[in-house]
Amino acid sequence: MTSSSVTARRLAAAALAAGALVGAAALPATAADRSHRENVEISRVQYDSPGWDNGSNRSLNNEWVEVTNNSRHRVNLDGWRLTEDRRGVTYTFRHFSLGGHQTVRVHTGVGRDTARDLFQDRRNYVWDNRRDTATLRNDSRRVVDSVSWGERGSRWDDNRDHEGRGHDDRGHDHRR
């Protein structure tokens with residue numbers, strides 16, 4: 001056997017081994033990314049702005065949906081959509097990632113986006129006070145979470161927590 005054929009075989013074996021290592025390292029990252037995405041949920045909804053629904057920006061911004069990342073890893077929400085299902089009103093997250101164990105509040109009205117508060121910049125209410133559904137979809141348009149109110153069998157009953165007490169202006173929380 002010549003030294004050049006031994007060298008060629010060693011190089012080929014090294015290339016195959018390196019390719020296998022890169023492939024093995026890529027698989028867990030993809031699976032981990034999916035599991036982090038599964039830990040994002042709609043955690044609270046304030047669909048009925050406290051006080052009179054007078055259409056002011058303050059009143060509009062008192063209508064909101066909270067999205068929580070329950071994993072310890074940051075999740076890129078760029079391209080994700082929060083949709084009001086009855087009329088199809090949609091808010092698309094742009095250039096936003098949510099840190100591990102963090103929550104962002106998506107307000108209806110106009111405002112300046114921060115790490116904790118995003119604004120849809122709308123001039124009309126989005127969520128129906130009596131009955132509606134909020135759906136969160138990822139950038140592949142798959143449903144990540146969906147919550148409804150005002151219907152029997154929904155994740156929460158109108159204006160009541162799980163012990164039957166009325167909510168204050170902290171929003172409607174479906175977490176158990």
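Mentor: One definition before we start: helices here are DSSP runs of at least four residues and strands are runs of at least two, numbered from the N terminus. And keep in mind that this is a predicted model.
Trainee: OK, so in what order do the elements run from the N terminus on?
Mentor: The protein chain goes α-β-α-β-β-β-β-β-β-β-β-β-β. That order holds 2 helices and 11 strands.
Trainee: Switching to rings: how many aromatic pairs does the structure hold?
Mentor: There are 4 of them. Tyr47 and Trp149 make a stacked one, 4.6 Å centre to centre with 5° between the planes.
Trainee: Where do Tyr47 and Trp149 lie?
Mentor: Tyr47 is in the loop between strand S1 and helix H2, while Trp149 is in strand S10, so the pair ties together parts that are 102 residues apart in sequence.
Trainee: Is Tyr47 buried or exposed?
Mentor: Buried, since its relative accessibility is 1% and the cut-off is under 20%. Trp149 is buried as well, at 0%.
Trainee: Which residues do ring pairs link into a cluster?
Mentor: Tyr47, Trp127 and Trp149. Elsewhere on the list, Phe93 and Phe96 form a tilted pair, with 6.3 Å between centres and 35° between planes, and both are buried.
Trainee: What sits over the ring of Trp64?
Mentor: The charged end of Arg105, 3.7 Å from the ring centre.
Trainee: Last one: what share of the 176 residues is buried?
Mentor: Buried residues make up 36%. As for the accessible surface, the chain has about 10,800 Å², and 47% of that belongs to carbon and sulfur atoms.

Definitions and conventions. Residues numbered from 1 in each chain as written. Predicted model: local features only at pLDDT ≥ 70, side-chain atom pairs only at ≥ 80, totals over all residues. Heavy atoms only, no water. Phe/Tyr/Trp six-rings, centres within 6.5 Å; stacked < 30°, edge-to-face > 60°. Buried < 20%, exposed > 50% of the residue type's maximum accessible area, 1.4 Å probe, protein only. Lys NZ or Arg CZ within 6 Å of the ring centre and 35° of its normal. Areas by Shrake-Rupley, 256 points an atom, 1.4 Å probe, with all protein chains shown as cover.
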